[in-house]
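Subject: Structure handover

Hello,

Here is the structure we talked about. My notes on the symmetry, the chain contacts and some helix packing follow below.

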Number of protein chains: 6
Amino acid sequence: MPRIAAFGEVMMRLQVPGYETLIQSSRLEYSFSGSGVNVTAALAKYGHTGALITTLPETPVGEAAIAYLRKLGVDTSLISRGGKYLGMYFLENGFGARPGRVTYTDRLSSSFNTAEASEYDMQALAAKVDVLHLCGITLAMNEGVREQMKQLAVEVKRAGGKVVFDCNYRPALWGTDGYTKARPHYEEMLELADIALINEKDARYILGIGAGDYDRITQLKQVIPEVVERFGVRTAAGTQREINADHTHSLTGYICHEGTFVFSGKLTFPVYDRIGAGDVFASAIIHGELQQYPHQQTINMAVAAAMLAHTTPGDTALFSESEVLRALSDHTLDVER
Amino acid sequence: MPRIAAFGEVMMRLQVPGYETLIQSSRLEYSFSGSGVNVTAALAKYGHTGALITTLPETPVGEAAIAYLRKLGVDTSLISRGGKYLGMYFLENGFGARPGRVTYTDRLSSSFNTAEASEYDMQALAAKVDVLHLCGITLAMNEGVREQMKQLAVEVKRAGGKVVFDCNYRPALWGTDGYTKARPHYEEMLELADIALINEKDARYILGIGAGDYDRITQLKQVIPEVVERFGVRTAAGTQREINADHTHSLTGYICHEGTFVFSGKLTFPVYDRIGAGDVFASAIIHGELQQYPHQQTINMAVAAAMLAHTTPGDTALFSESEVLRALSDHTLDVER
Amino acid sequence: MPRIAAFGEVMMRLQVPGYETLIQSSRLEYSFSGSGVNVTAALAKYGHTGALITTLPETPVGEAAIAYLRKLGVDTSLISRGGKYLGMYFLENGFGARPGRVTYTDRLSSSFNTAEASEYDMQALAAKVDVLHLCGITLAMNEGVREQMKQLAVEVKRAGGKVVFDCNYRPALWGTDGYTKARPHYEEMLELADIALINEKDARYILGIGAGDYDRITQLKQVIPEVVERFGVRTAAGTQREINADHTHSLTGYICHEGTFVFSGKLTFPVYDRIGAGDVFASAIIHGELQQYPHQQTINMAVAAAMLAHTTPGDTALFSESEVLRALSDHTLDVER
Amino acid sequence: MPRIAAFGEVMMRLQVPGYETLIQSSRLEYSFSGSGVNVTAALAKYGHTGALITTLPETPVGEAAIAYLRKLGVDTSLISRGGKYLGMYFLENGFGARPGRVTYTDRLSSSFNTAEASEYDMQALAAKVDVLHLCGITLAMNEGVREQMKQLAVEVKRAGGKVVFDCNYRPALWGTDGYTKARPHYEEMLELADIALINEKDARYILGIGAGDYDRITQLKQVIPEVVERFGVRTAAGTQREINADHTHSLTGYICHEGTFVFSGKLTFPVYDRIGAGDVFASAIIHGELQQYPHQQTINMAVAAAMLAHTTPGDTALFSESEVLRALSDHTLDVER
Amino acid sequence: MPRIAAFGEVMMRLQVPGYETLIQSSRLEYSFSGSGVNVTAALAKYGHTGALITTLPETPVGEAAIAYLRKLGVDTSLISRGGKYLGMYFLENGFGARPGRVTYTDRLSSSFNTAEASEYDMQALAAKVDVLHLCGITLAMNEGVREQMKQLAVEVKRAGGKVVFDCNYRPALWGTDGYTKARPHYEEMLELADIALINEKDARYILGIGAGDYDRITQLKQVIPEVVERFGVRTAAGTQREINADHTHSLTGYICHEGTFVFSGKLTFPVYDRIGAGDVFASAIIHGELQQYPHQQTINMAVAAAMLAHTTPGDTALFSESEVLRALSDHTLDVER
Amino acid sequence: MPRIAAFGEVMMRLQVPGYETLIQSSRLEYSFSGSGVNVTAALAKYGHTGALITTLPETPVGEAAIAYLRKLGVDTSLISRGGKYLGMYFLENGFGARPGRVTYTDRLSSSFNTAEASEYDMQALAAKVDVLHLCGITLAMNEGVREQMKQLAVEVKRAGGKVVFDCNYRPALWGTDGYTKARPHYEEMLELADIALINEKDARYILGIGAGDYDRITQLKQVIPEVVERFGVRTAAGTQREINADHTHSLTGYICHEGTFVFSGKLTFPVYDRIGAGDVFASAIIHGELQQYPHQQTINMAVAAAMLAHTTPGDTALFSESEVLRALSDHTLDVER
């Protein structure tokens, strides 16, 4: 099986249980996640080796993070130790008309974001990796981290590996004039990417591709082929999310492989925990591509996997391929007993 | 008031709280239940004496089970003590597209399933019982238990009592060729039953009655009268469940009394805990029959009681007759204050 | 900013967590609330000074109540200490077809309900208050408390302040022939009120105004102007609640200011905790009136605030004006991150 | 086996978990107890029938109390239903130098304390009872309850039964001049008692017996025989408690049977939950007397049972006779596995 | 009553409940504390006005901190809002031979530690303050904060107020050559201080006063008078802590007022939560000085208050003066009921 | 570093939190442990590779066990999957005079105890193992498991590895005439063992060595050399436990290496969780032997590690070598901050 690695930050998620706010409660539930964590854990559950490349502090908090990653099935042997802190975020759940809220601590002082490039032996790492996953959240951190992720991508490609890039644009991380600041970096990453997770909004606003006032599917069909062509991405994939009046969500997925579009049906479902669902979608795309499943099957599975991810507490969803397939065939199942 | 007893196993339910899985969590909530427990507790709440006939170990776990049954209002004076273990099952709640999961421990080594027939004084027990409840789950256990339940049913009938049999077919318990293995035992039990809880699927697959590719109501009308006639059952009753796209459930109930069908309206409702709802339906049927309520009233109440059972944490639902009647007349009530 | 005070009882809310009943559980979550608490806390969150006028015992329970009120942002400097007890209520959450249940302890023996009028220096209090909030729950307590609230209202008016009266009729508190007993007291309060929270049912049954078998909106348009005119109320406001088959609730709000009606749109939403939502509506009406917002804006905000209150654990909802405005413009928001 | 009943109030215990105070926490754990509850539950565990005679409200709280008593093994068939409230108390645990705190709600308005004598059929109750347990807490309530307990004691004696009276003097319940107010009632109860739980402080301060400034054991030997003789009590028993500098407690027990003293050794132990330990001591005395154990054995067991009661969460301790005997022989045991 | 303010950081305490480590658990309990928080809350409980001067972020975490401070009784009207983060620390409880562990997040990026001096109007603040509390933890932060605390102290003195300085030296915060780095700042603070909390170790290692290898009391008597004289401190006070083999702690307190020593007795007690006890000691010293209690009474109360602080969950202990006096007179009390 | 493996069962530990019993509570905390788990996890923490050889079911419970082992740092790559069940035990904590209680479920039907020898490729396993840990609990299971453990030990020795055998005699597992039944198997295991964990009781009762009525140390010195010689064990080690009147425990450890005894000092400490401490002692002995530490150092560390294990919730203690050394040098440490 191919060896997959992700380069990215581990964050501590501090969630107020139930539907209380930080003012009302006095309790938190914690776990450790991050885009790279979610992707490597999901791929490990599909049977691959999923290793995380990151830096964690040598403190009780860092130890707890590593133990948690091991529990998720993530290969922790490529993790560096150093620095002092772990990025953290507080999560207050929303309900109905009240949206959930995320409050970050100072992630720029984290071990990952303050690590020197010299702490990673990029060539040695590249030699252990067949597929490398990178994401736009990491790209938003700081110049050092950006440099590291580009270097590692270059080394992986040089060693014959593949690169997956998930655009994952977060406005809050780029600040004012974010799209302008982000564009050159996104362009650089897409040049390196074999597989890109991207939607029509990313293409329009970050890359400045496309313009018309069309419906979203039409926009998608217009802009994605241009992205694919301009940057030489082999496979592009993504979802369109709708939030319905009854607070269910709907997802439709697409894959555009060498210019040909395949769409999933639209799945509509209630939401327990929305965070991390995009990473589960990305993981299933990577899995389908590596297994060379037909694209229609891959996109159907990826959307079903993302749907299941919305039903799971925590950022990281752990479903086997057979569970995804069953949810795809029937998502109104009775208790299994 | 008639004295009602159930012969059946007590199981310990070990439920992961909230929506986490066994991998994610570290906590369980436990309670004690079983088909017989649920039926006798529900009937006790309607004002009857509900006694359980079973065997429990003399261990702290067995003591906890008995205390719990007392709390439910179950008469524990007919319980034997012996053996070493209690059957248990783990429950992971589902959410939306993710079904709940039940994992059993080794219930065949439980005190109930290893008890010798000689541990029960069948005649003495029959003398204390006006109505005996038995169910298809117990029938699936092993030859010893099957023999005991048949013996007890025979003694109760001999002493002038009535027998209720709930088909409750569970494929996982009978294994391969389950229907074939189960049929002779089900036939024997139905011969003994005054009241049978049965649906068209039970009749078709276990008893081999009916065949056509009709809708379920038509099937029901076709097969149930044949069951009633062939086995001399006085009252047959059951539900048809639909699971809707929005994850609500719908139930329609029927009673077939001496060949005449009565149907409830279809009730649609959100589900909190689905386990044990069938036992609550059966209990209300027994209650209505013993109180000689009009069949239309009984079936309406039984479906409303089953609906309420879906709103209650735990297997065992405890509603008074007046609460059932209120839910029947209006199930979109505001807070009572 | 105007100084707002409420005269009313603080109650301890003892809630069974999750969906278990008092029989099933062994745990409670407690908080402190009451109509006056909810109104002053909500107004404090909008930037006003919100002070509570009440009496609390000098016991650990009384201390806990005061600390809790401080946490809510309520000004506790006008609270008297004395008496022995705090009123309490147990809350069992409902689910779907199973309504929630409230069980009171003996609130008539509470410090508030047994305080002597002499414990309050009505003139001194009135001097510190620009707007006084009173409600029909307090009016139902006993003759002493009724006398105190009328006295205080008179003093506030004398000192140039305004009086808000929320009809809040609770049948269980007035007992048999409740409407007849209540009418003279309600009439007296409405005579004193500048702003009245009232719906068509209050007008018809308490005040005996209106009669026909019309739909509720027509009834409202018929009876409210008559109330306004007869009692000289400047602004009347209220909501009409519908409970839908899927257990969502719908609210439509109205303001009738000097005879002119303004209606909000109808908002439909899922409900997490319904208790206290009426107080949040009242608070937003008071806020809008004090800020002299256009009536259409005030009623829209008040209904949106009430909707948000249904999404919040506990009786007391704490939303800033900007959160209310955002919920008004879009109530299917994604996680904020 | 003799049928034992206790006449007394059921209270709801609302305990802050861990070592937080009511100001700090937001959670409570509840159970139901009372002197009569503790005694009948403990005796049921020793194999007797233990029935409670009390009045409970027909509310969800009253239902929860009855279910809880059933779980404890208490016979609930003699309980009347009526009134509106249940007495309650809050418990904040102490730690080391910080004492625990109990805060009562208004127990005088409870169903038990407001029940009319006519609600109990005293003769019918007496006919079902061989031994009646009464206690000084009940005696402190109000004139009605006092009358009822005396009446019931008289009827039980008339029917040939025995009366146990536990002095259990609580200063807070009698208020100023408590000893003077209490004396006639205590004298009346002791006249009726066959077994009295009493210590030298009770005798000195309530009954005014003895005077000198001797050590506590000398006092005991001086005053108890006088009590026994004056009131015709057959067996007197009690404990002397010391609280040590390391926060362990020590207990020494005595029985004075027809003038002859027997003392237990002094047991010293750490304390988890001190409330209800006196009732467990009393229960073991009753059990020993009913089983006609040698007095030395009875007093040893009673002190060991009381020691075990200090190790148990909640007011009500449930230990079998064999567990008490084992603790008596060795109280530094390893895990049993 | 004098108005007391403290200038210092608010930290979020994230505690693993029970005795699990961060690796084992998944839950945290949070509260907000800090030396200034503890001191102002304790003084508020003694009846003073206790205001905190700090900077908190305008985030849900900052809002939760302010609500929590209000609950503690702290006056929050002098708090500035700005910056982005709150300092935090994780606490894993120790047990027996296993010490507790504290892990900090990046507190240097907190709102307090990044606030500009211009955000505080030092003169306006000084005008509202009679007594200012400062501590060595704040002094260790960074040059900006150090400058601010000195400035504020100067302004308070200029306005006629008093300054309290608690040495509170934390080696981890000053790093290598800590004592050398710290000395000039400590000297500057002691010059400004009217009351200093200091022990012999502070004097020896930070200030370089005293040398001999004497026992700790002798050292104290040697070095403190020199500190008092050199820096013109009016009152010095402190404790000596011993940790005993049975894991109890012992404290002995001293006050040196204008050269005269007074010592408390040594109190020995079990420990529930050791953090914050020093602040409670300081608060009682401040209270005693402001109330002009005899020094012997003040030091006795301060040590008893510190002992009680060890029995309380959380950093911040809330005891009234009467509770402290009772603990002083008898610290082996039974449950209060 | 040497590769260490343990052959043994994984059990699910179901613990009632706090000090309630199974009757009182409704909650459990679960973890996964076993002698082999504890040993490999502890050795992994010391830096070795610790792999478990066992069989686990392919169920959600089996998955949860594997994830938990990964979290502990155990190498799970040698685990077989098959069978249906996991052994489980309930744990009720004791307090003071009340001992803890362990109640087992049917462990003989577990995947481990029903696995066929053919499921393990003994030679392949032996090739991956430098040191094999086995224990007397496994030896007590059934003939199949006994055969497997002997076979594996033989293969490991044949491949040049070492065998560690921990006597760990549990009377309840061997039943009547346990010592007689056990002896031949113990003898066989000791013949294979390079390192044996054994105490004087094991030698006397299982092996029938030694007789006199001497104190325990004298007995030890008498019997261990005989064991060592008779079975050719290179290193024997063990502890003597005393349970003190104040419920602290004391441990003294010994190593007998090639006939020479070394003893640790006696450590006395309070106990939080006693289960698994013996495995931690064994792990430290193995670590010391593999690192070729002086025997005095090894035994001191092993007893200190065992002491720390008593302070940790759960069976499995995770301490680094430096934490053990620090506890050894000072076990009355303050909070580390």
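C:Gly18 is the residue of chain C that comes closest to the rotation axis, with its C-alpha at 5.4 Å. The axis in question takes chain C onto chain A: a turn of 120°, a shift of 0.0 Å along the axis, and an RMSD of 0.0 Å. The two copies are thus related as by a three-fold rotation axis. Superposition here is by least squares on the C-alpha atoms of residues with pLDDT of at least 70 in both copies.

Before going on, two notes on conventions. This is a predicted model, in which local features need pLDDT of at least 70 and side-chain atom pairs count only at pLDDT 80 or more, while totals for chains, interfaces and linings use all residues. Residues are numbered from 1 along each chain as its sequence is written, and chains are lettered from A and ligands numbered from 1 in the order in which they are written.

Chains C and A

Chain C puts 17 residues into the contact, and chain A puts in 21 residues. Two residues are in contact if their C-beta atoms, placed from the backbone, lie within 7 Å. On the chain C side, ten are nonpolar, four polar and three charged. For these classes, Ala, Val, Leu, Ile, Met, Phe, Trp, Tyr, Cys and Pro count as nonpolar, Asp, Glu, Lys and Arg as charged, and the others, Gly among them, as polar.

Chains A and E

Chain A superposes on chain E by a rotation of 180° with 0.0 Å of shift along its axis, at RMSD 0.0 Å. That is the relation of a two-fold axis. A:Leu28 has the C-alpha nearest this axis in chain A, 2.5 Å from it.

The contact joins 26 residues of chain A to 25 residues of chain E. In chain A, β3 (27-33), α2 (60-72), β7 (87-92) and β8 (101-104) each supply at least two residues of that side. Helices (H or I, at least four residues) and strands (E, at least two) are DSSP runs, numbered from the N terminus. The chain A side divides into twelve nonpolar, seven polar and seven charged residues. The copies meet through the same surface, because 96% of the interface residues of chain A are also interface residues in chain E.

β3(A) pairs with β3(E) (residues 27-33) in the antiparallel sense, over three bridges; pairing requires that DSSP finds at least two bridges. A:Arg27 stands opposite E:Glu29 in β3(E).

Helices of chains B and D

The axes of α2(B) and α2(D), each residues 60-72, come within 7 Å and cross at roughly 150°. Axes are lines fitted to C-alpha atoms, for helices over the stretch in contact, and angles run from 0 to 180 degrees between N-to-C directions. The two helices are therefore roughly antiparallel; that label applies over 145 degrees, with under 35 counting as roughly parallel, 65 to 115 as roughly perpendicular and the rest as oblique. B:Ala67, B:Arg70 and B:Lys71 meet D:Ala67, D:Arg70 and D:Lys71. Two of the contact residues are nonpolar, none polar and four charged.

Within chain D, α6 (residues 143-158) and α8 (residues 178-192) pack at about 15°, with axes 10 Å apart. α6(D) and α8(D) are therefore roughly parallel. From α6(D) come D:Arg146, D:Lys150, D:Ala153, D:Val154 and D:Lys157; from α8(D), D:His185, D:Glu188 and D:Leu192. Three are nonpolar, one polar and four charged.

Best wishes
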